[in-house]
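Hi,

Here is the structure I promised to pass on. Have a look at it first, then read my notes below.

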Amino acid sequence: MAVPARTCGSSWPGPVRTARPWPGHGPRPFPDLRGPASGPARLLLLLLPPLLLLPLLTAPGASAYSFPQQHTMQHWARRLEQEIDGVMRIFGGAQQLREIYKDNRNLFEVQENEPQNLVEKVAGDIESLLDRKVQALKRLADAAENFQKAHRWQDNIKEEDIMYYDAKADAELDDPEGEDMERGSKTSTLRLDFMEDPNFKNKVNYSYTAVQIPTDIYKGSTVILNELNWTEALENVFIENRRQDPTLLWQVFGSATGVTRYYPATPWRAPKKIDLYDVRRRPWYIQGASSPKDMVIIVDVSGSVSGLTLKLMKTSVCEMLDTLSDDDYVNVASFNEKAQPVSCFTHLVQANVRNKKVFKEAVQGMVAKGTTGYKAGFEYAFDQLQNSNITRANCNKMIMMFTDGGEDRVQDVFEKYNWPNRTVRVFTFSVGQHNYDVTPLQWMACTNKGYYFEIPSIGAIRINTQEYLDVLGRPMVLAGKEAKQVQWTNVYEDALGLGLVVTGTLPVFNLTQDGPGEKKNQLILGVMGIDVALNDIKRLTPNYTLGANGYVFAIDLNGYVLLHPNLKPQTTNFREPVTLDFLDAELEDENKEEIRRSMIDGNKGHKQIRTLVKSLDERYIDEVIRNYTWVPIRSTNYSLGLVLPPYSTFYLQANLSDQILQVKYFEFLLPSSFESEGHVFIAPREYCKDLNASDNNTEFLKNFIELMEKVTPDSKQCNNFLLHNLILDTGITQQLVERVWRDQDLNTYSLLAVFAATDGGITRVFPNKAAEDWTENPEPFNASFYRRSLDNHGYVFKPPHQDSLLRPLELENDTVGVLVSTAVELSLGRRTLRPAVVGVKLDLEAWAEKFKVLASNRTHQDQPQKCGPSSHCEMDCEVNNEDLLCVLIDDGGFLVLSNQNHQWDQVGRFFSEVDANLMLALYNNSFYTRKESYDYQAACAPQPPGNLGAAPRGVFVPTIADFLNLAWWTSAAAWSLFQQLLYGLIYHSWFQADPAEAEGSPETRESSCVMKQTQYYFGSVNASYNAIIDCGNCSRLFHAQRLTNTNLLFVVAEKPLCSQCEAGRLLQKETHSDGPEQCELVQRPRYRRGPHICFDYNATEDTSDCGRGASFPPSLGVLVSLQLLLLLGLPPRPQPQVHSFAASRRL
């Protein structure tokens, strides 16, 4: 029967294959075992392949050599195992170190980590920390409401009447073309002195507040000056808060007018380009100013929408998306005669960073054609909002319509879907310059509890796409005290350089009334916020008592991590929150999904699971056992978890009460002892408050020794636990030198070094000269070999790391080595722990030669076996290295040793880069399995801009047709070209914003991106195994076997005779990726919960303020003059931004 051909990497049992031709033998077919045979026939088929392979392996031929038999290769494997074990027993010193610990049993106590008690204590400490911030927030919010209520509005207020510190003043003084230099407004700006404060990582002034006003807001407007006037009184409250709690960081009031007043004062971080910071677009402000939202954005793409108007709409939608947070849900659709989603999302999806990116890219593809059909657009939007079969916010519901105008009011649609309850708010946006009647758009908004906005030009986009938040804030204001609840944000990057923070937010309401007996004011004044640095929360968690692989983590209601050792964003953009899901911070599995759900639901729990973990260097995968324990953090939206390996249930606590012994052990830290006792690296931990940190371990040790000459290990300014354990381990490891290492000749066994690393923070390397080539992290808890050794039984080999893009290793002066390490397991009664790791560093070149001898047919004393013309013998890895490939590969698929001299400089590389054909066969035969995941915290180099023409990027250049078109001169040009010149500096193309450049990042700054990671680890095969790589006349035999008590795979294979079999190459290195397909992910969204409070309705809400269009016929003469000035490069003085809410902002 015909059998389809097999691809490279096939192994038997399998379909018919052709073995490599041997002298005197033809092709050897193998039966297909996957047919319907059963019973005796199937048994015969199962036995047939080994029987057929036996003569293939042993048949003599003219060459007098045959491929080694399986028992021969198993014998070689045992010799390798014995050699490794012997060296580790003699030089590693694991058993001897166990005895040393027991001999010094009186110098330490064994303490227990009780997970439930630990996690509850830490949760309580975090709750107390945050509660102090909450009390400060409430004092600020109450004071702000009272100050504003007592404030008297001043119509004639002037800039010189207000004295305040303008945070951007110093930067603007350096800019001769700065806006305020032109206006001469510096008379109202204070000049302050600042002092460096390590808590803020900045220069600050504790006597004043600072004010930041967005670039596109006129500082001299009456609204802004009144805002500055009454918020000045907050300064004393800020100062009093700090007096009561000196640990407070930034205290901020973000006003609904755009003014930010913060304490303590510090200069604003001036960007290199235009500053786009607006507090109303910060994640913490958005969360505090309104309840969660379900939003459908519909965009008119009929034929009348073209050119400038369509570009304005696209940009407006993108800016609108930026006002949404992860608590919100959104969809975007375009409509003409019909409505359709702009992206692959067919229903509301969470407004997270990745989903919003899909929308923004899809919006750019919108094309104008057809006729306007409001009915189609609104029916689509209402259907989206009524879909109850999906996850959504279930709070504020709204439709945002962008159009250039139309006559239809679609009253029948509103009557069908929204009246009389009007549960969906409708916001309408008239975009571009046109002469259409806007009354229908106003009517739609006003009759559906929404608001009408006009966006005539690019300068109006940002302000008018965020003002809707004031409308959504009305029910909150009217709810009064019920809505005054502190919310805690996701993690995000502080704009003033504090690093990663979370912020407690509290809305501030307008308590004034328009007049005696009038209705209560329903405007939100702004949001009060207080930052808490993640580092301050981390300090409340135990670290060194949990061991190298134990840790604490916390998540919020979205499942995003607040604390986690893997939360390490390589680059951050303060415009966006840092949203790393717990299931992306770790390798996802069903158990972790269950734990995550329970934590989001606010439950307590404990679960022991078997799971996969990545190594610290992200090259390896280990299957481990972990104990998860979790509890909610009361009064917050967070939940805290603790992860402990079973071997970290107990830990050592030194008890060095004998000061003479302290001095004796301390002397072994002195560099003068290194020549005889080996070099000591100490972990750069916070042993004492006055200890100066340094990235150079030699310098850090020097600083440590100098400090210890002034203080004792029992000093109150020092961490006694860390210091005592460090000094104890110094003495313990010195005894290992004395008992084991000092009297051994390392050269006899071709060792470059021996070493020991401990939980206490000591890494001792012997002899001293070996420290010159020691590249491992001096903090054992951050060293990959240390953490992996704890998680694996036996001996863990770690070849030097080689990047495929870098040059090969240089084998000069015998300095290249392979680490072999193992954990020291200590049993004291019924308590078992692993307080240390010991190991050796193999001389790569010498051990490669030894490897060939051990995998050969001779004994230690024999000469290499020669096969004569009439004799027959099996090939081995020494004599026949021209025909036989013999390698040791570790559990990650990296080359450790080879009998091929030309491969020695490739040690440490992924084996597929060395022999793609063989590595693929090992993978296909289940020696290895693969785990793919995504790193959402990676940083990538910026893409070079692709300018398509000679014009400056982002600046609109009118065409000849535009100059000849009178309508162009009287509409779009005069109203928008100035804003284009202003904003063009910060946009990629026309209106596509570049946040990194706009916020002043360096031109070469890396941007966040997604990287796909692939790791390999040992599969299910654990026995000796023979197979054929089926490649027709180029087939190869190979044998693979795991080495007992190691992380090594021993592989013997024929060297390929030809290159006809082109095998697919397995990839291991990180690759740039777009991440998993978002359109598929939203079909199975991860579990989350929104905030437990929702304010989307109040019966007393006054909806009469719903926007009114204000337009006037432009003067042709003025516009022509303005246009000529712009074209000549003489921009006129910008006018104050006027918008619909200005009148309502009278304070």
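**What I found**

The protein chain exposes about 48300 Å², and carbon and sulfur atoms supply 49% of that (accessible areas come from the Shrake-Rupley method with a 1.4 Å probe; for residues, only the protein chains shown count as cover). Before you go further: this is a predicted model, where local features need pLDDT of at least 70 and side-chain atom pairs count only at pLDDT 80 or more, while totals for chains, interfaces and linings use all residues. Residues are numbered from 1 along each chain as its sequence is written, and side-chain values use heavy atoms, with hydrogens and water left out.

**The whole chain**

The protein chain has 32 helices and 40 strands (DSSP runs numbered from the N terminus: helices are H or I with at least four residues, strands are E with at least two). Of its 1147 residues, 58% count as buried (under 20% relative accessible area with a 1.4 Å probe, protein chains only; exposed is over 50%, and partly exposed is in between). Take the contacts (heavy atoms within 4.5 Å) between residues at least 6 apart in sequence: 73% of them join residues at least 24 apart.

**A sheet with helices on it**

Five strands make an open, antiparallel sheet in the order S34-S33-S39-S38-S37 (two strands pair if DSSP finds at least two bridges between them). Its edge strands, S34 (895-898) and S37 (1025-1029), each pair on one side only. From one strand to the next, the twist averages 25 degrees (axes are lines fitted to C-alpha atoms, for helices over the stretch in contact, and angles run from 0 to 180 degrees between N-to-C directions). Strand S33 (residues 884-890) pairs with S34 over three bridges, in the antiparallel sense, and Leu888 has Leu897 in S34 as its bridge partner.

Which strands does helix H2 touch? Helix H2 (residues 70-92) packs on the sheet against S33, S37, S38 (1036-1042) and S39 (1048-1054), and its direction makes about 145 degrees with that of S39. Helix H27 (residues 916-924) lies across S33, S37, S38 and S39 as well, running at about 55 degrees to S38.

**The cores**

The largest nonpolar core has 98 residues, of which Leu922, Phe1038 and Phe1050 touch the most other members (such a core is a set of buried Ala, Val, Leu, Ile, Met, Phe, Trp, Tyr and Cys residues joined through side-chain atoms within 4.5 Å). H2 gives the largest share of this core, eight residues. Domain 1 (83-112 + 651-803 + 813-855) and domain 5 (884-939 + 1008-1072) both contribute residues, so the core lies between them (the bounds come from an automatic or database domain assignment). Leaving aside neighbours within four places in sequence, the contacts of Leu922 include Ile889, Phe1038 and Val1051. A second, separate core of 51 residues includes Leu137, Ala141, Tyr262 and Tyr263.

**An enclosed strand**

Is strand S18 (residues 524-533) buried or exposed? Ten of its ten residues are buried, so S18 is largely enclosed by the rest of the structure.

**One residue to look up**

Thr309 counts as buried because its relative accessibility is 12%. Thr309 and Asp404 are 95 residues apart along the chain, yet their C-alpha atoms are separated by 7.4 Å.

Cheers
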